[in-house]
Amino acid sequence: MTSERYFSELAAQLGRLPAQEREEALRFHREYAQEAGFTTYQELEECFGPPKALASRLYAESAVKASEEKGTGKPGKALIIGLAALFSLPVTFPLVLVILIVLFVVLVLILAVGFSIGVTVFALGGAFLSLAAESWGYLLSFAPGLWLKFLGGAMIVLAVIIIIISLILFAARHILRWIGAGIARIAERRTKDE
Amino acid sequence: MGFQVGGALLDFLVLSILRRGDAYGYILTQEVRTILDVSETSLYPALRRLEKGGLLSTYDMPYQGRNRRYYRLTPQGHEALESYIAEWRQFKKQMDSLLGEDEA
């Protein structure tokens, strides 16, 4: 088997990396192989390990970096690359099962929390609408004191809604990045163990 | 052979090698491996980390109909190396005195 076969397998394994990172990784290892005079699949495998193992290392490294990027980038990116790193590892079936169960539990938790927040925001939205409607009624019946009172109430409720939503978004970004970083570390540790 | 390490010591070694002149991936890996016990796959992540951190820059040089990618220290890289060297001297001094006391 030729070295090209190794690199096409590696490229296929790296499908979930950002395109630029994938190209750079392939370029570096191609150049390395040429300098070292590797021409066969076996020589490359002896040096870098099987394409799948090299890919896991590259995923783990990329995920750790993505999780360390502060503020920039999408918070879900670290999570996705971390998961890709984890699933690119040669793992035994029980471990996959444990990971799937944990992910399922986390998903259910996120859904439950999301649902309760949704209900809260919905109820507050209702309160805002009824207060706003009532203040509008007082405006039409020329009662400026009551109009201001209910309009003020509506504004307070609106402010509470905005605060809740922004807190949730803030927390979600950090939790996603934190989970991504955790998964990436696990994946990195496992690739180093082998 | 040698100390098995990664992280800061590997960064320090890469920067030290590049201080003597620019180098491409393969030759750099070979030089590192004469001193540190690192696998051939651990240099790429280190080089990328240093490049992203602004300590290294790269440029391509044609060689036998293809390109070699050379790594070069940036001014930031030189600065980082200076502080590594200072830390290293301090560490070496303490280590020497510790070992000297042990022998006495």
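How many residues does the contact take from chain B and from chain A? The contact takes 9 residues from chain B and 13 residues from chain A. Keep in mind that this is a predicted model.

Look at the chain B side of that contact. Helix H2 (25-35), helix H3 (43-52) and strand S3 (66-73) of chain B each supply at least two residues to it. S3(B) gives the most, with 3 residues. Sort the residues on this side by class, and you get 3 nonpolar, 2 polar and 4 charged.

Now step back to chain B as a whole. Chain B contains 4 helices and 3 strands. Along the sequence they follow the pattern α-β-α-α-β-β-α. Chain B has 104 residues, and 24% of them count as buried. Next, take the contacts in chain B with a separation of 6 or more. Residues 24 or more positions apart account for 51% of those contacts.

Turn to chain A and a pair of its helices. Two packed helices are described by the angle between their axes and the distance between the axes. Here the pair is helix H1 (residues 3-13) of chain A and helix H3 (residues 41-48) of chain A. Their axes come within 7 Å and cross at roughly 50°.

Conventions: Residues are numbered from 1 along each chain as its sequence is written. Chains are lettered from A and ligands numbered from 1 in the order in which they are written. This is a predicted model: local features need pLDDT of at least 70, side-chain atom pairs count only at pLDDT 80 or more; totals for chains, interfaces and linings use all residues. Axes are lines fitted to C-alpha atoms, for helices over the stretch in contact, and angles run from 0 to 180 degrees between N-to-C directions. Two residues are in contact if their C-beta atoms, placed from the backbone, lie within 7 Å. Ala, Val, Leu, Ile, Met, Phe, Trp, Tyr, Cys and Pro count as nonpolar, Asp, Glu, Lys and Arg as charged, and the others, Gly among them, as polar. A residue is buried if 20 or more other C-beta atoms lie within 10 Å of its own, exposed if 12 or fewer, and partly exposed in between; C-beta atoms are placed from the backbone.
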